[in-house]
Amino acid sequence: MASKSSNLLRGLLHELRLSSPDGNIKNSGMAKYMIEQFRKYQTTDMQLCKAKDEMQFLGNTYLTYLRSLRQHKAINAEYKGRGERSIKDTADLVGFKLPHDKKP
C-alpha cells in the first residue's frame with residue numbers, strides 16, 4: 001500500500017510531466033530536487049521527522065498550484081476570444097444580413 005507521501009510525489013511528478021514541453025522529466029532539475037527533498041524528509045520507524053506535516057502541506061500546495069495552472073491554461077485556450085469582430089462578422093454570427101448584402 002502506497003503512503004500519502006509517495007502518492008503526493010507521484011502526483012507532483014505527473015503534473016511536471018504534463019507541463020513539460022516534451023513530456024520527459026528524466027533530466028529535469030525540478031524533478032530531481034523534489035525526489036531529493038522527499039527522501040530527505042521521509043520518516044522511518046527509527047526516526048521522526050519534525051517537518052513531516054509541514055513538508056506534506058507544502059507538497060500539497062505545489063500540487064494544487066501545478067494542477068490549477070494546467071487547468072487555467074486549458075480553459076484559457078478554449079475560451080480565448082479573437083478580439084474585436086467586424087460588423088459583417090458579427091451579423092453573420094447571429095444570422096443577420098447587412099442592408100448592402102445580396103439577398104439569396
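Modeller: Happy to! From the N terminus on, the elements of the protein chain run α-α-α-α, that is, four helices and zero strands. Helices here are DSSP runs of H or I with at least four residues, strands are runs of E with at least two, and both are numbered from the N terminus. Please keep in mind that this is a predicted model, where local features need pLDDT of at least 70 and side-chain atom pairs count only at pLDDT 80 or more, while totals for chains, interfaces and linings use all residues. Residues are numbered from 1 along each chain as its sequence is written, and side-chain values use heavy atoms, leaving out hydrogens and water.

Let's settle on H2, which covers residues 29-40. Its twelve residues reach 16 Å from the first C-alpha to the last, close to the 16 Å expected at 1.5 Å a residue; the expected span is 1.5 Å times one less than the number of residues. The buried residues of H2 are Ala31, Met34, Gln37 and Phe38. Seen down the axis of H2, these buried residues fall within an arc of 130°, so they line one face of the helix. The arc is that of the directions from the helix axis to the C-beta atoms. An α-helix has 3.6 residues a turn, so residues three or four places apart point the same way. On the other side of H2, Gly29, Lys32, Arg39 and Lys40 are exposed. Buried means under 20% relative accessible area, exposed over 50%, and partly exposed in between, with a 1.4 Å probe and protein chains only.

At the start of H2, a side-chain oxygen of Ser28 reaches to within 3.3 Å of the backbone nitrogen of Met30.

Now for the surroundings you asked about. Across the protein chain, buried residues make up 20% of the 104 residues. Glu15, in helix H1 (residues 4-19), is one that counts as buried, because its relative accessibility is 3%. The side chains of Glu15 and Arg70 are joined by a polar contact of 2.9 Å (a pair of N or O atoms within 3.5 Å; within protein, one must be able to donate a hydrogen and the other to accept it, and residues adjacent in sequence count only if both atoms are side-chain atoms). Leu18 also has its place in H1, but Leu18 is partly exposed, with a relative accessible area of 44%. The C-alpha atoms of Leu18 and Leu66 are separated by 9.5 Å, although these residues are 48 residues apart along the chain.
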